[in-house]
Amino acid sequence: LHDYCDGEASALESGPTEEALEAMDDTVFNRWGKVRESDEAAIERTLDFLFWLKERPEDDLIVVTHSCWLCVAFNGAMQCDSEELQAWFDTAEIRSTLIEF
């Protein structure tokens, strides 16, 4: 993708085709091949991140992520009694929360 974003061509004008994107070697995205990540694996990945976050020395942190990850975090990985946090996050939505371990 970097060839399309180096200033020589607009990614919107001459971006890669869908086939080219699917053929790219992306070890994170293609880790599961043609099947989706299982719910259990998504929860495990979310918990790994949360425990990493717990070890950070900062008192206040900002996490920017995809709404799917937030759905897994607040509906599967953590005990959460807030319907607001369990609801789907809209694009660019901001919600503040306190996570206690």
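Modeller: A residue counts as buried under 20% relative accessible area, as exposed over 50%, and as partly exposed in between. The model is a predicted one. With those limits, E93 is partly exposed, because its relative accessibility is 31%. The side chain of E93 is joined to that of R95 by a salt bridge, in which the closest N and O atoms lie 2.6 Å apart. R95 has a relative accessibility of 18% and therefore counts as buried.

The search of the whole structure gives three salt bridges. Another of them pairs E37 with R45, at 2.7 Å from N to O. Here E37 is partly exposed at 23%, and R45 is also partly exposed, at 39%. R56 and E58 make a further bridge, with 2.9 Å between the closest N and O atoms. R56 is partly exposed at 32% relative accessibility, and E58 is partly exposed at 35%.

As for the cysteines, zero disulfides are found in the whole structure. C68 takes part in none, the nearest cysteine sulfur being that of C71, 7.1 Å away. A disulfide requires two cysteine sulfur atoms within 2.5 Å, so the sulfur of C71, at 7.1 Å from that of C68, is too far for a bond. Both cysteines are partly exposed: C68 has a relative accessible area of 40%, and C71 one of 29%.

Note on methods. Residues are numbered from 1 along each chain as its sequence is written. This is a predicted model: local features need pLDDT of at least 70, side-chain atom pairs count only at pLDDT 80 or more; totals for chains, interfaces and linings use all residues. Side-chain values use heavy atoms; hydrogens and water are left out. Buried means under 20% relative accessible area, exposed over 50%, partly exposed in between (1.4 Å probe, protein chains only). A salt bridge is a side-chain nitrogen of Lys or Arg within 4 Å of a carboxyl oxygen of Asp or Glu.
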